[in-house]
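I opened this notebook to record what I looked up in the structure. The entries below follow the order in which I took up each topic.

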Amino acid sequence: MDYLKGLNEAQYEAVTTLEGPLMVLAGAGSGKTRVLTMRIAHLITNLVDPFNILALTFTNKAAKEMKERIAKVVGQSEARSLWMGTFHSVFARILRSEAHYLGFPSNFTIYDSQDSLNVLRKVLKDLSIDADLYKPKKVQARISSYKNNLITVKAYFNNPELIENDERANMKHMGAIYQKYVDACYRNGAMDFDDLLLRTNELLTRFPEVLAKYQDRFRYILVDEYQDTNHSQYLIVKALASKFENICVVGDDAQSIYSFRGANIFNILNFKKDYPDAVTVSLEQNYRSTQNIVNAANVVISKNVQQFKKNVFSDNEEGEKIKVYRSLSDADEANFVASNIWEQHNSLQRRFSDFAILYRTNSQTRAFEDALRRKNIPYKVYGGLSFYQRKEVKDLIAYLRLLVNENDAEALTRIINYPARGIGETTQNKLTVFADKKSVAITEVLGNLGHYAPELGLNNGILTKLSDFWAMIKAFQVMLKSENAYTVAMEVAKRSGLIKFLKDDQTPEGISRVENVQELMNSMQGYIEEQQQLEDGDPSLSGFLENIALSADTQNDKNETGDQVSLMTIHLSKGLEFPVVHLVGLEENLFPSFMSSSTREEIEEERRLFYVALTRAEKQAYFSYAVSRFQWGKITDAEPSRFLSEVDSQYLEFINPAVESRFVNHSGLKSNIFDEHPSEPRSFTRKSEKKTIERSEPQPVPQNLKPVATARIINPSGASSENIEVGDQVRHDRFGVGEVMFLDGTDPQNIKAKVKFQHEGEKNLILKFAKLTKI
DNA sequence: TAAAAGAACTTTTTT
DNA sequence: AGTTCTTTTA
C-alpha cells in the first residue's frame with residue numbers, strides 16, 4: 001500500500017475511514033484531490049467492487065483527471081467500472097435508462113440555458129404576456145430556483161405563500177408560465193439542466209424499486225465540492241446514501257461560490273445534523289502556497305461571519321509579498337500583466353503555463369488577449385462563450401437533435417427555414433396554431449401532410465416545400481440507422497444547404513463560420529474515435545449530443561499540453577493551481593460585482609471568491625486594478641476593490657512605476673489606504689508635468705507639427721493592405737502576427753490571402769476587410 | 001419573403 | 001463595443 005505513504009495524519013484518517021458518514025473539511029491547497037483519489041483506490045484495494053462506488057465531482061474535467069490518477073494505482077480495468085462524473089452527467093445517464101418511468105423517451109434532448117430561454121420566450125408569447133414586465137432571463141432564474149428547491153408545478157399551486165410571494169414581486173403569472181414551460185419541455189421530450197436533478201428526485205421518490213436498485217448499487221458514495229451542492233443535489237445524495245450511510249463529502253465552506261446557481265452552503269454546515277455519527281476530518285496544512293499568500297488569504301476570509309473555524313497554515317517558505325499594481329486603464333493593466341509575464345519568462349525562465357490571469361467577468365478577457373498577442377505570448381482562454389453556443393454550430397446541432405428526437409420543437413423552429421427555404425413566419429404560425437388546435441405535434445402534421453392538407457389552408461407551393469423539408473429529415477433519419485454519426489452529420493451539412501449558405505458569405509466572419517462548422521465536424525470525429533476505443537463507449541449521435549450539452553469545451557482539450565498562459569474566470573479556476581497568479585480588475589462594482597454588493601450574504605460570497613482566487617497561487621500573486629475602465633461603450637471611473645484594503649498591508653508591496661505617478665491624483669478617488677503607500681513620493685515637478693499635459697490637450701495642433709495621433713494611424717481605411725505580397729510578415733487586429741502564404745484573385749476589391757498566424761493557425765482573409773499591416 | 005438598417009439592450013459567475 | 005431583436009425597404 002505504497003500510496004498511503006507520505007500522507008499526513010489527517011489525510012491518512014480521511015483516506016482510511018471507509019465505513020460510515022465522513023466529512024472532510026479540506027482547506028485550500030491541503031491535498032484534497034489526493035485524498036479523494038487515494039480513498040477510492042483504498043476502497044478498491046480493500047475489495048470493494050468499483051461497480052459499487054459513486055463519485056460525484058464538480059466538473060467533467062475533474063472526474064476525468066481523478067479517474068486517470070486512480071487507474072495508475074489500481075489499474076485500468078478496475079477503474080473503468082467506477083461511476084464518476086458530475087451530478088448532471090451521472091444522472092442524465094441514469095435518467096436515460098429509467099426514462100420510461102417518467103414518460104420521457106430515453107433519447108430525450110438536454111436543453112442548455114439558451115434553448116430553455118427560447119422555449120420560455122415562446123411560452124410568454126403564447127400567453128400574451130408582456131416580455132418587458134416578465135424578463136425572460138428573470139423568469140428563467142425564478143423557475144430554476146423553484147426546480148432546485150424541488151417545487152414542482154403542483155407544489156407551487158399548493159403553496160399560497162409562494163404564489164403570494166410572486167404576486168408581491170409583481171409576477172402573478174409565474175405559476176401559469178411555469179406550468180406552460182414544463183409542459184412544453186415534456187412535449188418536446190426535453191429536460192433542462194435543473195430537470196436532470198429534479199426528475200432524478202422524482203424518479204427516486206415515486207418509484208421505491210428504482211431507489212432500492214441504486215441504493216444497492218452505490219454502496220460507497222463520495223461527493224466532491226460539497227459546499228456547492230444545491231438542495232436538489234443534496235436530496236439525491238441523501239436518498240441514495242440512506243441505506244448504507246457510507247457517504248463521504250469533501251469540501252470547504254470558505255470556497256462556496258455558486259449560490260447564484262442554488263448552491264446551499266448549509267448542506268455542508270449542517271452535515272453533522274443529518275448524520276450525527278459523522279466523523280469530521282479537517283485538512284488544514286496548505287502544501288500549495290507560500291506563507292505570505294496563505295496568511296493574506298486568511299486575513300480576508302476571516303471577515304466572513306458564516307463559517308467553520310479553521311486554521312489553514314503553510315510550512316512552505318515565507319515567499320514574496322503580493323505585488324499591487326494600480327493602472328490607468330484596462331489596456332494599461334493588460335500591458336502590465338503581459339510585460340510581467342514576458343519578463344519573468346525571459347529572466348526567471350518560467351514557462352508560460354506557470355501563469356494564470358484570473359478575472360471576475362468574461363468580458364475582461366479582450367484586453368488581455370490583445371496585450372498578450374502583441375507580445376506574442378501564447379495563451380488559452382477557458383470558458384467564455386463556448387464554441388458550441390455559436391449560432392452556426394448550434395444550427396447544425398439543431399438538425400442533428402431533430403434527427404434523434406423529432407419531438408424537439410425548439411430544434412425544429414430553429415432550422416425549418418434555415419437556410420431560407422420559403423417556409424416563412426406566416427406559414428410557421430399557421431402550422432403551430434393548427435397543431436395546437438388538433439392537439440398533435442407539428443411533426444405529426446408534417447409527417448402526414450396529405451391527410452391534413454385540406455384543413456391547413458396552405459397553397460400547393462408551400463405544401464411542396466414543407467413535404468420536401470420533411471422528406472429530407474426522414475432521409476437523414478434512415479441514414480442514421482446504417483451510417484455513423486459523422487457521415488450523417490456531413491450529409492446534413494451538405495444536403496440541408498447549410499454549408500453552401502455559409503460559404504456564400506465571403507466576409508472574414510463568414511469564412512470563420514464555415515471553419516467553425518468544420519471544427520464541429522472534427523470534434524465529432526474525435527469523439528467517435530475516442531468512444532470506439534473504449535469498451536463501454538457510446539459513439540452514437542445521441543451520445544455526442546449529450547456530451548456537448550453537459551461539458552463546456554471539449555473541443556479545446558486537445559492542445560491543453562502546450563506552454564501557454566491560462567485566462568479564466570475565478571469560478572473556473574476552482575480546484576486549479578498556478579505558480580504565478582495575476583488577479584486583475586480589483587475594483588468596486590467589478591469585484592465585488594455591482595450585482596452582488598447589496599446584502600451581507602452576497603458580499604461574503606464575493607469574498608470567498610477572492611479567497612479562491614488568491615489561494616490558486618503557489619509562489620507569487622499579483623493584484624491589479626484600473627482607475628478607469630472601458631465598459632458599456634464608454635470610459636467609467638473606478639475605485640479600488642474593498643478586498644484590497646481588507647488584505648493587511650504587511651503582505652503587500654505597491655509597485656507603481658514612475659511614469660504613472662503624475663496621474664495619481666487625476667481620478668478624484670476618495671482617500672484610501674493606497675494613498676498612504678505611494679510607490680514613491682510625489683514631487684512638484686511631476687505635478688506640474690501633469691498640468692502641462694492637461695493644458696496642452698485642448699490646444700490646436702501647431703501647423704508645422706504632425707499630430708501624433710495621425711502619424712500612428714497606419715491603416716485608416718484598409719488601403720495599406722494593397723501592396724502586401726506572398727512571404728510578407730503581417731499583423732492582424734485579432735489574429736496577431738503571421739506570414740502571407742499565398743494570394744488569390746485579380747479584382748483588387750476581392751483579393752483573398754491565406755495567412756499563417758503564429759498562434760491562430762492558417763486563416764483565409766479578404767484583403768479589403770482584413771486590415772493587415774505589413775511589418 | 002429576405003436583406004438591410006436601426007434600435008435596444010447588455011455584463012456576473014456555470015452544469 | 002458588440003450583439004440581438006425590431007422595423008423598414010426592396
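**Entry 1: The annotated domain**

I began with the UniProt record, an unreviewed entry, which lists residues 5–290 as "domain: UvrD-like helicase ATP-binding". I noted that the model before me is predicted. I then looked up the make-up of this span: residues 5–290 are 55% helix and 13% strand.

**Entry 2: The six-stranded sheet**

I next traced an open sheet of 6 strands, whose order is β3-β2-β6-β7-β1-β8. The pairing in this sheet is parallel. Which strands stand at the edges? I found β3 (83–86) and β8 (279–283) there; each has a single partner strand, so one side of each is left without a neighbour in the sheet. From one strand to the next, the twist averages 15 degrees.

Strand β6 (residues 220–223) and strand β7 (residues 247–251) run parallel and are joined by 3 bridges. Within this pair, L222 stands opposite C248 in β7.

I then asked what packs on the sheet. Helix α1 (residues 9–16) touches β1 (22–26) and β8, and its direction makes about 140 degrees with that of β8. Helix α5 (residues 87–102) lies across β2 (53–57), β3 and β6, and runs at about 120 degrees to β3.

I also checked the loop between β6 and α13 (231–241), where E225 is found. Phi of E225 is near 50 degrees, which is a positive value in a residue other than glycine.

**Entry 3: The seven-stranded sheet**

I turned to an open sheet formed by 7 strands, in the order β13-β14-β12-β15-β16-β11-β19. Here too I recorded parallel pairing. The edge strands are β13 (379–381) and β19 (652–654), each of which pairs on one side only. The twist in this sheet averages 25 degrees from one strand to the next.

β13 pairs with strand β14 (residues 565–569) in the parallel sense, over 3 bridges. Y379 stands opposite V565 in β14.

Which helices lie across these strands? One is helix α17 (residues 330–347), which lies across β11 (322–327), β12 (355–359), β14, β15 (578–583) and β16 (617–626). α17 runs at about 155 degrees to β16. Another is helix α18 (residues 365–374), which lies across β12, β13 and β14 and runs at about 165 degrees to β13.

**Entry 4: Two helix pairs**

I compared the geometry of two helix contacts. At what angle do helix α16 (residues 291–301) and helix α30 (residues 600–614) pack? The angle is about 175 degrees, and their axes are 9 Å apart. That angle makes α16 roughly antiparallel to α30. On the α16 side, the contact is made by I293, A296, A297, N298, V300 and I301. On the α30 side, R607, R608, F610, Y611 and L614 take part. By class, I recorded 8 nonpolar, 1 polar and 2 charged residues in this contact.

The second pair is helix α19 (residues 391–404) with helix α24 (residues 460–482), which pack at an angle of about 70 degrees with axes 9 Å apart. These two helices, α19 and α24, are therefore roughly perpendicular to each other. Y399, L402 and L403 of α19 meet W470, M472, I473, F476, Q477 and L480 of α24.

**Entry 5: Cis peptide bonds**

I looked up two cis peptide bonds. One joins Y418 and P419, with omega at about -5 degrees. P419 lies in the loop between α20 (409–415) and α21 (425–437). Another joins F591 and P592, with omega at about 5 degrees. P592 lies in the loop between β15 and α30.

**Entry 6: DNA strand C**

Finally, I asked which residues surround DNA strand C. They are R121, R366, F630 and G633. The residues of this surface divide into 1 nonpolar, 1 polar and 2 charged.

Conventions: Residues numbered from 1 in each chain as written. Chains lettered and ligands numbered in written order. Predicted model: local features only at pLDDT ≥ 70, side-chain atom pairs only at ≥ 80, totals over all residues. Heavy atoms only, no water. Near = heavy atom within 4 Å. Nonpolar A, V, L, I, M, F, W, Y, C, P; charged D, E, K, R; others polar. UniProt positions renumbered as here; feature names shortened; annotations may be inferred. Helix = DSSP H or I, 4+ residues; strand = E, 2+ residues; numbered from the N terminus. Axes fitted to C-alpha atoms, helices over the stretch in contact; angles between N-to-C directions. Parallel < 35°, antiparallel > 145°, perpendicular 65-115°, else oblique. Contact = heavy atoms within 4.5 Å. Pairing = 2+ DSSP bridges.
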